[in-house]
Amino acid sequence: MISVLFAVLTALSNATATVFQRQAARTIPDEQAMRLSLFGRLLRQKVWLAGIGLVIVAAVCQAVALSTGPIALVQPIFVLELPATLLIAGLLTRTAVRPRLWAGVAAVTCGLAVGLAAADPVGGHGGVDGGTWVAALVATAAFEAALLTAARTARGDLRAALLGLAAACGYSLTAALMKDAMARLDSGGVAALLTSWQVYATAVVGVGALFLLQNALQAGSLVAVQPMLTLGDALISVCYGVTLFGEHVRTGWWLLPQLAGLSLIAVGCVVLARSPLAAGEREPAGGAAAGTEPE
């Protein structure tokens with residue numbers, strides 16, 4: 001239960017940080033985009049600094065969650081970040097949340113509950129030996145190379161979806177590296193953590209995943225990116241949990257409710273990604289006709 005609690009806190013912290021950082025970014029003139037002066041202006045805004053503080057809190061909560069529970073349990077819980085972001089944005093902007101958005105939140109939440117209850121991820125160990133890591137990194141590199149090669153020739157939403165899946169793989173690998181690094185902290189203390197390659201690889205891979213995500217969002221719509229990012233992170237994390245850390249999930253007929261849960265999450269992500277709040281806008285008024293300006 002500790003890992004579940006801290007995983008939920010991670011999702012909520014990241015969601016709130018996203019809303020705060022989006023609010024700060026809106027005050028920056030377009031001509032300062034992609035310039036170093038952008039950071040100077042952001043550093044003078046308390047709301048942006050609060051967002052950075054929450055990112056740090058989220059990182060600590062994720063480390064605790066991964067060190068106390070299976071990665072196959074912790075990572076899928078992060079699908080709650082998208083609905084939490086939209087609900088918090090609606091609350092802070094005093095925008096009424098429409099039934100369609102609530103339906104998307106319910107679909108994601110119920111899908112997560114059904115999927116995790118059916119999979120029931122348990123067991124596993126902390127540390128991963130070097131040979132296993134070599135095989136995992138080679139397989140991951142081959143998978144990422146295939147996605148990036150396909151994305152180079154694709155256009156529009158297909159390109160966005162492929163890059164979103166590549167970003168999801170990066171985030172899953174980041175979590176696996178972080179879990180292994182935390183295991184070394186538990187067994188050898190701070191010195192073992194700081195001398196392990198996993199802790200530095202976590203930072204490098206995390207930055208790479210963020211870069212891929214930004215390119216995915218630039219290439220196509222959020223509707224194309226978000227389901228691939230959300231489901232990809234969950235499924236690939238389960239694969240890492242089983243192959244690297246020896247975790248166990250139910251198979252057999254239990255796969256049917258698991259697939260049902262994944263389907264609900266996918267539908268919910270599409271609904272949420274189509275919301276005006278996902279684009280940083282307000283929800284339209286209840287009786288507004290199509291084509292009218294939002295509130």
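The following questions and answers concern a predicted model of one chain.

Biologist: Is S13 buried or exposed?

Modeller: S13 is part of helix α1, residues 2–25. S13 touches L54, V57 and A58, not counting residues up to four places away in sequence; contact means heavy atoms within 4.5 Å. Buried means under 20% relative accessible area, exposed over 50%, and partly exposed in between, with a 1.4 Å probe and protein chains only. The relative accessible area of S13 is 9%, so S13 is buried.

Biologist: What is the relative accessibility of L9?

Modeller: L9 is also placed in helix α1. L9 counts as partly exposed because its relative accessibility is 34%.

Biologist: Which residues line the second largest pocket nearest its centre?

Modeller: On a 1 Å grid over the protein atoms alone, a pocket is an open set of points where a 1.4 Å probe fits, with protein on both sides within 12 Å along at least five of seven lines; lining residues have an atom within 4 Å of a point. The volume, the space filled by probe spheres set on points joined across faces, edges and corners, is about 380 Å³ for the second largest pocket. Elements giving two or more residues to its lining are α4 (71–77), α6 (99–119), α10 (222–245) and α11 (255–273). Of the 19 lining residues, those nearest the centre are A119, L235, V238, Q258 and L262.

Biologist: What separation do the C-alpha atoms of G127 and D180 have?

Modeller: G127 sits in the loop between β1 (122–123) and α7 (130–153). Leaving aside neighbours within four places in sequence, G127 is in contact with D180 and A183. G127 and D180 are 53 residues apart along the chain, and their C-alpha atoms are separated by 5.3 Å.

Biologist: What share of the 295 residues of the chain counts as buried?

Modeller: Among contacts between residues at least 6 apart in sequence, 81% join residues at least 24 apart. Of the 295 residues, the share that counts as buried is 43%.

Methods
Residues numbered from 1 in each chain as written. Predicted model: local features only at pLDDT ≥ 70, side-chain atom pairs only at ≥ 80, totals over all residues. Heavy atoms only, no water. Helix = DSSP H or I, 4+ residues; strand = E, 2+ residues; numbered from the N terminus.
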